[in-house]
Amino acid sequence: MGWKGREPFLLIVNALLIVILAATTPFMVRPDAAGGRVLDLSALRLLLDNYAATFIGAVGMTLVILAGQIDLSVGSALALCAVVAAQVSQMGWPVPLAFLAPILVGTLIGLINGAIVAYGRIHAILVTLGMMTLLRGLVVHLVPAGWVATSDAFKGVGLARPLGVSTSIWIAAAFALAMALAARYTRWGREVYAVGSNPNAAAIVGIRPHRIWFTVLLFNGFAIGLASAVHASRFGVIQNNIGQGFELLLITAVVIGGTSIFGGYGSVGGTLLGVLFLALVRSALIYFRIPALWEQAVYGAFLLFAVGLDIARSRAWARAWRGGTA
Amino acid sequence: MREIRRPGAIARGWTREGILLGIVAGLLIAIALLTPKFLTATNLQITSRYLVEVGLVAIPMTMIILIRGIDISVGSIVALATIVLGFSWSVYRIPMVAAIALALTVATLCGLLNGLAITRLRVPDLVVTLSTLAIYRGIAEGLGGGGRVYLYEDPIMRFLGEGQILGIPVGLWVFLPVVLIAGLVLDRTAWGRSLYAIGHNETAARFAGIRVDRIRLLVYTLSGLASGVSALFMAGRLGTARATAGLGLEFEVITAVVVGGTAISGGEGSIWGSFLGVVMVTALRNGLNLIGVPSPIQAMIIGALLILTVLVNENLRVRIRGWVRPATPVPAHEAEPAPAANPSPHERR
């Protein structure tokens with residue numbers, strides 16, 4: 001698939017956004033000694049840094065949607081895992097263990113979601129909607145003060161910059177690359193696409209759809225655990241309302257990135273460009289002084305627009321296909 | 001074989017509603033035994049006001065889930081209606097009656113927009129209402145600017161929020177007739193039966209001449225209107241209008257409907273069941289409140305309740321068919337030739 005999808009279009013749009021932002025706002029531009037304007041890429045790096053957790057979560061969500069499922073519990077799961085990370089780091093756990101703890105918790109959440117959806121045969125909307133409320137309740141209960149902070153050593157990991165790029169970005173990049181390769185070249189990855197396009201057909205050729213649904217949701221839990229570890233180590237302070245609207249952000253990014261909401265079509269690379277697009281839009285909103293209160297409305301509109309595009313595309317294909325064979 | 005009943009005929013033996021009625025009665029008795037505060041007039045007054053807010057939205061939600069849809073934007077419609085109501089009244093100084101009419105119009109339009117996007121653009125229900133969940137709440141927040149408006153000085157709002165007729169809160173006077181009418185419409189009219197037909201098999205319903213898209217559009221519009229009415233009662237009860245109104249309402253409503261026995265895979269369920277589900281969820285919340293369970297733990301319990309009921313409902317449906325008749329009378333043309341022709345919800349989607 002690769003370059004036949006929406007990726008080239010998104011690349012151009014993102015590049016245009018960056019150029020417009022650089023030309024009209026102080027984004028990526030700093031005054032030099034003589035009073036002129038010089039390009040400064042550190043803003044872009046900061047942007048990627050802040051969105052590292054979103055990149056990781058969006059990659060997990062891509063696989064879930066590719067397989068024809070959905071996960072609405074990601075926001076609450078992110079909050080719970082981040083709280084766990086902060087609390088164990090405060091309890092004096094060594095940094096690697098404190099990094100591992102949220103990943104384990106996330107994987108456990110994914111395991112429960114996946115088991116109920118795949119083997120309880122319930123639609124993922126309901127399971128993850130229930131899980132979203134359940135986990136948020138747990139977070140609020142665990143954090144009566146409203147926020148927790150991580151230990152300084154734990155935060156140090158997120159702030160470190162080996163080879164000039166922060167650890168968050170290294171982790172996100174490694175994870176995204178691994179998943180892009182897994183989706184494209186492994187047997188499991190191809191089975192995810194097959195189940196997403198047509199679970200019945202996949203079952204006939206010997207793939208077990210329920211097993212694929214179980215693994216993608218399990219895997220998404222792992223991704224959210226990793227994302228929360230990255231988030232917690234980057235920001236250091238975890239409020240009990242973090243992650244609200246995270247599911248919307250991820251689903252929007254995935255769909256803007258060209259993945260079909262019906263499953264079976266799309267790519268990890270597109271999703272990464274989708275996240276970058278939303279991040280740039282957010283910067284634009286800030287620089288053009290549009291109040292942050294409108295942000296949700298903008299994301300929602302983008303989601304609807306992207307799905308509309310997706311459906312228009314599949315209709316056009318269907319027409320072309322009929323025209324070609326008739 | 002499923003027994004085929006005439007629509008509206010009274011079922012003999014155990015129906016799902018019968019079982020649910022028993023569970024709800026047991027729950028109410030248990031709460032009453034656990035805390036003496038439950039059966040006081042004040043508490044029942046307060047709880048029934050909350051019940052009305054959830055229940056009004058649960059009625060169209062039942063219809064939506066019956067035709068295999070979902071509407072998770074209802075909480076945001078409540079927020080937008082509340083903000084429109086409060087700010088048009090206090091900032092633009094229009095009379096309260098006009099503000100109410102405006103809020104209801106906006107809410108209905110929100111529902112209509114959902115329906116149009118679903119029927120015309122053919123975007124899946126979940127995606128449309130997830131987007132509008134963000135869009136409507138975002139607009140409410142943008143318009144509200146993070147502020148709030150106090151409404152309790154207005155007599156109409158006070159009446160909606162605190163008023164009672166013959167000792168019964170105003171909301172119940174609206175809600176109970178609506179339940180009765182909606183329940184009868186679903187059981188006894190061709191329009192109501194067509195919802196079940198669509199939920200069972202949309203293609204078959206189309207071939208049978210049912211105007212599926214028109215019905216879907218209407219049902220989503222009704223959902224918007226009901227959210228608007230619910231917003232009025234909520235604004236009256238709270239005495240304030242702010243953009244956080246109705247946060248998480250969709251969850252309570254969907255839980256109530258699903259607990260009430262409506263199948264998420266469509267085609268099975270009833271308004272009566274949803275009514276019992278609403279009573280159960282609100283009584284549970286109120287009981288937990290009175291016993292002193294903190295609100296986050298309540299959310300966890302209700303979240304677990306949602307997952308558990310669906311697990312039981314969807315998985316036992318096939319197995320219990322031998323001794324529990326389906327709550328929904330099955331239209332004759334939907335009768336299945338053999339019990340084996342009953343695929344899992346996944347395959348039916």
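This is a predicted model: local features need pLDDT of at least 70, side-chain atom pairs count only at pLDDT 80 or more; totals for chains, interfaces and linings use all residues.
Residues are numbered from 1 along each chain as its sequence is written, with chains lettered from A and ligands numbered from 1 in the order in which they are written.

## Nonpolar core

A:Leu303 is among the residues with the most contacts inside the largest nonpolar core, along with A:Ile56, B:Leu80 and B:Ala103. That core has 210 residues. Such a core is a set of buried Ala, Val, Leu, Ile, Met, Phe, Trp, Tyr and Cys residues joined through C-beta atoms within 7 Å. Buried means 20 or more other C-beta atoms within 10 Å of the residue's own. Helix α11 (residues 209–235) of chain A gives the largest share, 15 residues. Helices are DSSP runs (H or I, at least four residues), numbered from the N terminus.

## Chain A against chain B

The contact takes 39 residues from chain A and 46 residues from chain B. On the chain A side, α6 (124–142), α12 (246–256) and α14 (295–325) each give two or more residues. α6(A) gives the most, with 13 residues.

## Helices α4 and α5

Helix α4 (residues 74–90) of chain A packs on helix α5 (residues 95–119) of chain A at about 150 degrees, axes 8 Å apart. Axes are lines fitted to C-alpha atoms over the stretch in contact, and angles run from 0 to 180 degrees between N-to-C directions. So α4(A) is roughly antiparallel (over 145 degrees) to α5(A).

How values were computed: Angles under 35 degrees count as roughly parallel, over 145 as roughly antiparallel, 65 to 115 as roughly perpendicular and the rest as oblique. Two residues are in contact if their C-beta atoms, placed from the backbone, lie within 7 Å. A residue is buried if 20 or more other C-beta atoms lie within 10 Å of its own, exposed if 12 or fewer, and partly exposed in between; C-beta atoms are placed from the backbone.
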